[in-house]
Amino acid sequence: MWMLGPVGFTSPLLLLGLIALPVLWLLLRAVPPAPIRRRFPGVALLLGLKDDEAETDKTPWWLLLLRMAAIAAAIIGFAGPVLNPEQRETAQTGPLLVLMDGSWADARDWPRRLDRAAAIVEEAGRAGRPVAVVRLTDAPSDTVFQAANAISQRMTGITPNAWAPDFGAWANTLPAGDFSSYWLSDGLDHPGRADLLTALQARGQVTVFESPRPVLALRPARFEDGVIKLSATRMPATDTAELELSARGLDPSGIERELARLPLTFDQGAAEAEVSLSLPPELRNRISRFEIAGVRSAAAISLTDDSLKRRKVALISGQGGAEGLQLLSPAHYLRQALEPVAELIDGSLADVVLANPDVIVLADVATLSPDEGEAIWDWLDKGGLLLRFAGPRLAASDVSRASEDVLMPVRLREGGRNVGGAMSWGEPKNLAPFAEGSPFYGLTIPQDVTVSAQVLAQPDPELATRTIAALADGTPLVTRKPVGQGQVVLFHVTANAEWSSLPLSGLFVQMLERMAVSTRPAAPDAADLEGQTWVPQVALDAFGRLGEAGEVAGVDGAVLAAGLATGPSLSLPPGLYAGEDRRIALNIINAETRLQAAEWPANVLREGLDVQTEQALKGTALATALSLLLVDVLAALALSGRLLGSLRGTAVLGFALLLLAAPDGLRAQDAADLRAIEATNAVRLGYILTGDARIDAISEAGLRGLGQRLFERTTIEPASPLSVDLERDDLLFFPFLYWPITADQTAPSAAAYAKLNRYLRTGGMILFDTRDGDVSGTGQTPEARRLQLLAAPLDIPPLDILPDDHVLTRSFYLLQDFPGRHTHRDLWVEAAPPDAELAEGMPFRNLNDGVTPVVIGGNDWAAAWALDESGAPMFPIGRGYAGERQREIATRFGINLIMHVLTGNYKSDQVHVPALLERLGQ
Amino acid sequence: MTQTAPLSIEMRARAESLGEALPALLAQAEHLAATVILGEHGRRRAGMGDEFWQYRMAHAGDSASQIDWRRSARSDQHFVREREWQAAQTVSLWVDPARSMQFSGDAGRSTKADRAQLLALALSVLLLRGGERVGLTGEAARPRAGRAQLLHLIDGMAARQDAADYGAPEVSGLTSHSRAVFLSDFLGDPEEVETALGMASDRGVRGALVQILDPAEEEFPFDGRTIFESMGGSLRHETLRAGDLRARYLDRLAARKARLETLARASGWHYLCHHTGQSAQSALLWLYAALERGR
């Protein structure tokens, strides 16, 4: 192969043809474009006019250039150019081991890595070397060298795993004998890498491939000071980089969507970046994961667990059961404040402790029974938060008076105090700014928050440390005491607005939020997890896709606790683990993980990932030549002034091509249009196809017969009926549909039901016919049961047996019975409004509005209406003359029905005729 | 006999093929003429005619047959019923039969000859309905009144298909002090038009020149290397870039129009340039009005 830069030619001798181009130049220049002959009477006026430019009978230079370029492209194309032809290097011999890290860090450019590995395997196959491919994230196993073609078929199925490779284990299980190795590294320094490298180098030459792509990872979200802290790390800490973080979760309708998006900026040279996200609790509770937008890697996903979730709060108030005004209830403001952010639990104290809430709020509850006290003590010891509010009962009781109650943070003085009231001195007190170290530190205090009454703490050496909020005069307002792992907090005022305006302010909500949130430890420690079995619920794959974990054995708490510290592994894949009462997210990296780049010794060959694949340019060159020739055609036409005429031809041709390209769509459109036109160019009755050919034929004949009678006797002149396939056809063209029910009819699809409901709502009518003659009796025929099933999803108003004064009885004929092939009397129609009154002077009620959307019966009307081709009845009805009478009445019913469909309540409006006549008379 | 047989067969075939087209042309012309409403050209004074003008007292010299007995019976005097004087006008038409008239710049447009014949026939319908005498110049159809004359006109126009590239107005058969209408594209030698118009003016004939042009002739929408040929092929002109000629062609066309207009005005005629792309109706109205004006 002859090379010219990166391009090689398979048959370079053809390039000699390029020498002929100058000759072509001369030839082409000599031939001007051919003239057009035109008949034109105005030529008489043209005689004697000379052309301005004499030399245009030569081909213009740019056209020449175009043609030369086209021919040059053709010559080059046939010479067989190839970009980056593979230079077959001097092949190495011996077995080849291809090692792929296959970790989460590989996922971002996995297809390219796989291509590279495939290229290596293929190359080895050409050299006749046996090959083995190993994914280092798998459990170590014996490696067998195989023929390359056996391996390369399996290559495409290899995917990365979402955990780090286990280098140490692999170092001990390498196959015996000498072999050379290709190591596709993910670029990160995982433990044991040096051991494996040493082991490989002992067997033969090692070549390492590395990708220059940066590795990005998102740390688990933390909740601190009312905001979510998100931090990310990256491996080559290079230039400033802007990332987008996206918080995702379920919206109220249960669809996963993006709940928030925020930018994250890595500074120049910084490996870490942090950003805070402040979200309303409603949204925060919904977040199920954070991700770095646009990065396809498991490390870019950070699953959230219960640490951002709603807290369970039990609300117990002292006035339970007492009747009172709601705004005076001690729990009212608490309920208002906590309802949106927490899950509230009601019930007796003994019950709610069993539910293991995060917080128990006692609003003005003074004494607790010993059992209750014991239970709360145990619960507090395990990390609960007991939030108590003072009140008249607490002030009047002896709780924590002489000695400090275990469930009270401080001792209380008797009676409390009133300030700023009608019977007391002084002004209502304001709040002092929160001290540093108080959980409320940093909250702004509105000036209108005043306290007019409170219970007072006994001076005590520990009082100052236990006070977390105080009044302006220094008296404690909120005190706190740790109990075991939990704490007891007392608000020295009531939870309602009786003693202070605090519950009315936004500060109250913020204080509650701070108190309640601080109870849940952000990171679970090993002691929390141990002793439980944690079952994977959601599994995270290396590409950051979430899936059901499936039937996987649970893991022990200790293992999970260790995994949380060291990161996921083969036996502990990343995902969401559920325990008894909480869920733990195991993410790829934790808050401490450092990403360390792998350093390779100098004696290891290193290569980049970019593979220059061989690319044949022949097709491109020939296509260029062809398109240049096409341009030449246009240019030549333009030069000779024929472009405009031929443009029209081109447009026609292009349109023809379009037609060829999209014939199906157009034909389908045409068919739909034709049907719409057919259905609407006359009144047409429709029947729904049941799938039973005989029933469908009877429906068709029945509606045809009815149409004929309508034509003869009324001004309705329907065309022949049309069949309606519920799945396919549009219903809206039909004023009336006949739906015979068969016992084995298939139910329509959801889309078809939507269509039916729209049809019924927009004024269509369906006549359901069970054809069994007995729908209202027992309603237990197979057809009736089928009808119940079919009609269940339909939007049908309340039904009633057709009353004697229904407009169907008089819309054309006066009828009392509605027989078909059967003579059952009862027919179900939309129920009359309950307030319908008897019209004055008329034997029927005022029932003016609406056409019943459904008529349900079982008399097999189609059989009674059906006429055969010669116009004779298809089926015998009844016996003798009485049967003919019955057929006549059935026909009359059909006519009445269609009249009702088409004229609506017109006949019902007749009740107004006397009134109208009276008015006209005046 | 053997010599003439093919000729007569050919003539007959042509006549038949023309006859097939004629009802359509006639219908079209009648349709066009129906848009113009007119009556007979009353002279607003007593004379020969069909319309009642006035009753006057009979006086000496009136023959007894002139007396309107019905009117006279209502009084003691004798009355003569006078009629309005109606004088028929003679209008001679010349429709250019040359081959240049067969040109049409677009397949969807009728040829200039079609438009000329349509206008001529429509005008004839109007005039004949008005009681005028209409004919063709030359010998083909002498001016005559009555609807039957329409068919003669059609025959005459059909017979005068000419082999020449450009036509010159024929003035033989023009009666003195009559009207004449020349319909042509006037792209031929203008001298001949001048001569014809001079001869007509000498006989006191007034009338209208209608220059019928195809829009393509007005716009010259050609470009590139082109050989232009006249319809018969007698004239040809080759150009390499037709687009360059456009401006100069349009200048010459404008000069030709100006010359015709000056000529018409000098000899008391009217001049109209009509395009086959326009509606024929406006040209017909103009023609009708021009004949009224010249009266």
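Two residues are in contact if their C-beta atoms, placed from the backbone, lie within 7 Å. I start with that cut-off because my first count rests on it. In chain A, residues 24 or more positions apart account for 75% of the contacts with a separation of 6 or more. I also note for myself that this is a predicted model.

**Entry 1: confidence**

I looked up the scores before anything else. The model comes with ipTM 0.72 and pTM 0.38. Chain A has a mean pLDDT of 80, and 86% of its residues reach at least 70. Within chain A, helix H18 (residues 643-661) has the lowest confidence, with a mean of 57, while strand S33 (residues 686-688) has the highest, at 92. I then checked residues 662-666 of chain A, where the pLDDT is below 50. Beyond near neighbours in sequence, that stretch has one contact in the model.

For chain B I found an average pLDDT of 79, with 82% of the residues scoring at least 70. Residues 1-8 of chain B fall below 50, and beyond near neighbours in sequence they have zero contacts in the model. I keep a reminder here: where pLDDT is low, the predicted coordinates should not be read in detail.

**Entry 2: chain A in outline**

I counted secondary structure next. Chain A holds 25 helices and 39 strands. Of its 922 residues, 34% are buried.

**Entry 3: a sheet in chain A**

I picked out one open sheet of four strands in chain A, which runs in the order S13-S12-S15-S16 with antiparallel pairing. Which strands lie at its edges? They are strand S13 (256-266) and strand S16 (301-303), each of which pairs on one side only. Neighbouring strands of this sheet are turned by 20 degrees against each other on average, direction ignored.

I followed one pair more closely. Strand S15 (residues 287-292) of chain A meets S16(A) in the antiparallel sense over three bridges. Opposite Leu303(A) in S16(A) I found Arg289(A).

**Entry 4: two positive phi values**

Arg771(A) has a phi near 60 degrees. It belongs to the loop between strand S36 (765-769) and helix H22 (782-791) of chain A. Is Arg771(A) buried or exposed? Arg771(A) is buried, because 24 other C-beta atoms lie within 10 Å and 20 or more are enough for that label.

The second case is Asp860(A), with a positive phi of about 55 degrees. I located Asp860(A) in the loop between strand S39 (854-857) and helix H23 (861-865) of chain A. With 26 other C-beta atoms within 10 Å, Asp860(A) is buried too.

**Entry 5: nonpolar cores**

I then turned to the largest nonpolar core, which has 68 residues. Its members that touch the most other members are Leu119(B), Ala122(B), Leu123(B), Val181(B), Leu183(B), Val210(B) and Leu287(B). Helix H3 (residues 112-129) of chain B gives the largest share of this core, twelve residues.

I took Leu287(B) as my example. Which residues does Leu287(B) contact, leaving aside neighbours within four places in sequence? The contacts are Leu119(B), Leu123(B), Val181(B), Ala208(B) and Val210(B). There is also a second, separate core of 55 residues, and its members include Leu315(A), Val359(A), Leu431(A) and Phe491(A).

**Entry 6: Tyr288(B)**

I moved on to Tyr288(B), which sits in helix H8 (residues 280-293) of chain B. Tyr288(B) counts as partly exposed, because 19 C-beta neighbours lie inside 10 Å and a buried residue needs 20 or more. The C-alpha atoms of Tyr288(B) and Leu127(B) are separated by 8.6 Å, although these residues are 161 apart along the chain.

**Entry 7: where the chains meet**

Last, I looked at the contact between the chains. I found 32 residues of chain B in contact with 24 residues of chain A. On the chain B side, strand S7 (226-229), strand S8 (236-239) and helix H7 (242-266) each supply at least two residues. H7(B) gives the most, with eight residues. By type, the chain B side divides into 13 nonpolar, seven polar and twelve charged residues.

How many bridges join strand S3 (residues 36-39) of chain A and S7(B)? I found four, with the strands paired in the parallel sense. In S7(B), Thr226(B) is the bridge partner of Ile36(A).

Key. Residues are numbered from 1 along each chain as its sequence is written. Chains are lettered from A and ligands numbered from 1 in the order in which they are written. This is a predicted model: local features need pLDDT of at least 70, side-chain atom pairs count only at pLDDT 80 or more; totals for chains, interfaces and linings use all residues. A residue is buried if 20 or more other C-beta atoms lie within 10 Å of its own, exposed if 12 or fewer, and partly exposed in between; C-beta atoms are placed from the backbone. Two strands pair if DSSP finds at least two bridges between them. Axes are lines fitted to C-alpha atoms, for helices over the stretch in contact, and angles run from 0 to 180 degrees between N-to-C directions. pLDDT is the predictor's confidence in each residue, from 0 to 100. A nonpolar core is a set of buried Ala, Val, Leu, Ile, Met, Phe, Trp, Tyr and Cys residues joined through C-beta atoms within 7 Å. Ala, Val, Leu, Ile, Met, Phe, Trp, Tyr, Cys and Pro count as nonpolar, Asp, Glu, Lys and Arg as charged, and the others, Gly among them, as polar.
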